[in-house]
Amino acid sequence: MEKKATEAKDGKNKGTSRQQPQQKAKRAAASKSDAGQIVLISGNEACVEGALAAGLGFFAGYPITPATEISEVLSTRLPAVGGKFIQMEDEIASMAAIIGASIAGLKSMTATSGPGFSLMQENIGFGIIAEVPCVVVNVMRGGPSTGLPTNPAQGDVMQARWGRHGDQRIIVLCPNSVEECYTLTIKAFNFSEKYRTPVILLMDEIVGHMREKMTLPAEANIPVVNRVKPSVPPEWHIPYENTPTGVPPMAAFGDGYRYHITGLVHDQHGFPTQRQDEIKEFLTRLTTKIEKARRELIMVETEFIDDAKVAVLSYGSTSRSARRAVTMARKGGSKAGIVRLLTLWPFPVRAVQRLSEHVDAIIVPEMNQGQLVGEVERHACGRCSVVPLNRFDGAMIEPEEILHAILEVE
Amino acid sequence: MKIEKERIKIRIAGSGGQGVILASIILAEAAGIHDGRYVCQTQSYGPEARGGNCKAEVVISDSYIDYPKAKNLDILMCYNQASLDEYFMDLKETGTLIVNSDLCSQIPISTAYEIPMTSLAREKAGSLQAMNSLSLGALAEATGVVSKNAIKAAVLSRSPKGTEALNMKALEIGFLEGKKAVGRAKNRAPAKFSRLILMND
């Protein structure tokens, strides 16, 4: 059985040709040791397991509460499977390093919290325009600035979306349990590889530090996606070609394909352009490659929603309080339902539109002063009332607060 | 529909360094991995984890746990007086209190299970470091939230090499002393007006 599993894994890793056979063997051996084990781990540790299962090859970061455990665990686990771990001088350099590693052909990741995430924004923008796949984990804490290092918050929702200047689309995923930290990390890698773009995994302090049990699969329980490499000879390769999918194949530096990478708006060959037709075509492609993929990117979970009159729309750790509140409300005879967003951006527009047609009110609990609620309002378009429920005192929203809101709305 | 059954909320509290967090992890592993139930463990994460009042919580349930924090506690185990003072009011009316009577002099209810954990660990088990193993044994015996076999397996898998025998011995002492403490608590007449504030679940 185990032999079969490793064979299958090797088969899947074929795409990353830069991985030495030795590394592959090491990786397979390492994953075999804890395969199928039931473990009690924290969200941060699960994120590490997910990253390794997805084939992480390079991590650069600067430890910061509450994301420290990700760096800590990877500093030993990643070299053990043949990957590279670097503790950088700061988050600006961390982001730059993972972009460089990704261009060189490795799956790369960094992990940080609010203050570091602010520093990374400039280079995330570079990652978007240069179309470099990478994963940025932001374990949210209270802000702004140094803020509340050990307290939970969900204040970076809009920063994740609009932290960089200029028009752009970004993919942001938000787990609410330890197991989901694992699966969504793999998905984050998959999306970044498939759509050649940085993907942000937005965790929060509660999810990051909470320990739950989960079964570590022998290998990733979700098929791992690797970036498409050019199949044409180097002289034919057009690095930023407008392909039907909108995602051009990506050659690694050192594979023999020479091309230019820049943060300037560029033409199909990667060189700066000021031609209006090329500018518009390029920026449109960056947008549409994400927009076209909405169906795959958007993950929304609903429960008790069929006959619901009041819906509680939440994400991250808040959704766990929401679920408790709704089950309590249901016991009392209320018609309450749950909508949980696993994907925050691109925003699940259709889901909210449809929801707003069926319920009288949507309650949006958030551990901030009201960020995603604006988006919900915008797409509910007055078809139902949208009620914000905000808490920003460094504590988790209690189920009773949400229950109170449900009863008040009813 | 996944509605929680039998949600048991446990808090272990003490001074940072007493092994509060490790004890909670072992308890969660015993209930989750070895007893096969749903568990969720959370802990204080500030500088208090290195000194000062430190707490760690475990929620155990037979079904999916949504809200991960422990409020209105079923079981509170305190390793020192300061943590007992701070967290006693979070214990529910019918909850179980387990205290380290060596370091707790003012125990607010007569039904508490008083166990001199520090002295037992040092003198009977042979090392103060085995105190949290001992306390987990007492907790398992006195409350039954985890099976004895599960807690044994969990402690064993977390014991550093060379300390397995010490920890097993401490655990056995814990089982024994837990039973004794329950007996002692039963024999005491219940004090009146022991709690002034009543809280609803």
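This report describes the chain contact, the domains and the sheets of a predicted model.

## Contact between chains A and B

In the predicted model, 17 residues of chain A are in contact with 16 residues of chain B. On the side of chain A that touches chain B, the elements giving two or more residues are β1 (38–42), α9 (205–209), β9 (211–215) and α12 (318–331) of chain A. The most comes from α12(A), with five residues. Sorted by class, this side of chain A has seven nonpolar, four polar and six charged residues.

Strand pairing also links the two chains. β9(A) is joined by two bridges to strand β2 (residues 38–43) of chain B, and the two strands run antiparallel. Within this pairing, Gln41(B) in β2(B) is the bridge partner of Arg211(A).

## The sheet with strands from both chains

β9(A) and β2(B) belong to an open sheet of eight strands, ordered β1(A)-β9(A)-β2(B)-β3(B)-β1(B)-β4(B)-β5(B)-β6(B), and its pairing is mixed. β1 of chain A and β6 (113–115) of chain B are at the edges; each has a single partner strand, so one side of each is left without a neighbour in the sheet. On average, neighbouring strands are turned by 20° against each other, direction ignored. Helix α8 (residues 178–195) of chain A packs on this sheet, where it touches β1 and β9 of chain A, and its direction makes about 55° with that of β9(A).

## The two domains of chain A

Chain A is divided into domain 1 (2–215) and domain 2 (301–409). The contact between them takes 23 residues from domain 1 of chain A and 21 residues from domain 2 of chain A. On the domain 1 side, the elements giving two or more residues are β6 (148–152), α7 (157–162), β7 (171–173), β8 (198–204) and α9 of chain A. α7(A) gives the most to this side, with four residues. The residues of domain 1 of chain A that touch domain 2 of chain A divide into 15 nonpolar, five polar and three charged.

The largest nonpolar core has 171 residues, of which Val137(A), Val312(A), Ile362(A) and Leu134(B) touch the most other members. At least three residues of this core come from each of domain 1 (2–215) and domain 2 (301–409) of chain A. Not counting residues up to four places away in sequence, Val137(A) touches Cys47(A), Ala67(A), Ile70(A), Met109(A), Ala111(A), Leu201(A) and Met203(A).

## The five-stranded sheet of chain A

A second open sheet has five strands in the order β10-β12-β11-β14-β15 (chain A), with mixed pairing. Its edges are β10 (300–303) and β15 (385–390) of chain A, each with a single partner strand, so one side of each is left without a neighbour in the sheet. From one strand to the next, the twist averages 20°.

| Strand pair | Bridges | Direction |
|---|---|---|
| β10(A) and β12(A) | four | antiparallel |
| β11(A) and β12(A) | five | parallel |
| β14(A) and β15(A) | six | parallel |

Glu301(A) stands opposite Arg340(A) in β12(A), and the bridge partner of Val312(A) in β12(A) is Ile338(A). In β15(A), Ser385(A) is the bridge partner of Ala361(A).

Helix α15 (residues 399–409) of chain A lies across β11, β12, β14 and β15 of chain A and runs at about 160° to β14(A).

β12(A) is largely enclosed by the rest of the structure, because six of its six residues are buried. In a regular strand, side chains alternate between the two faces of the sheet. Both faces of β12(A) are covered: Ala336(A), Ile338(A) and Arg340(A) are buried on one side, and Gly337(A), Val339(A) and Leu341(A) are buried on the other.

Ala311(A) lies in strand β11 of chain A. Ala311(A) counts as buried because it has 29 C-beta neighbours inside 10 Å, where the cut-off is 20 or more. Apart from its neighbours within four places in sequence, Ala311(A) is in contact with Ile305(A), Gly337(A), Val339(A), Leu355(A), Val359(A) and Ile362(A). Ala311(A) and Ile406(A) are 95 residues apart in sequence, and their C-alpha atoms are 8.5 Å apart in space.

Key
Residues numbered from 1 in each chain as written. Chains lettered and ligands numbered in written order. Predicted model: local features only at pLDDT ≥ 70, side-chain atom pairs only at ≥ 80, totals over all residues. Contact = placed C-beta atoms within 7 Å. Nonpolar A, V, L, I, M, F, W, Y, C, P; charged D, E, K, R; others polar. Pairing = 2+ DSSP bridges. Core = buried A, V, L, I, M, F, W, Y, C linked by C-beta atoms within 7 Å. Buried ≥ 20, exposed ≤ 12 C-beta atoms within 10 Å, placed from the backbone. Domains from an automatic or database assignment. Axes fitted to C-alpha atoms, helices over the stretch in contact; angles between N-to-C directions.
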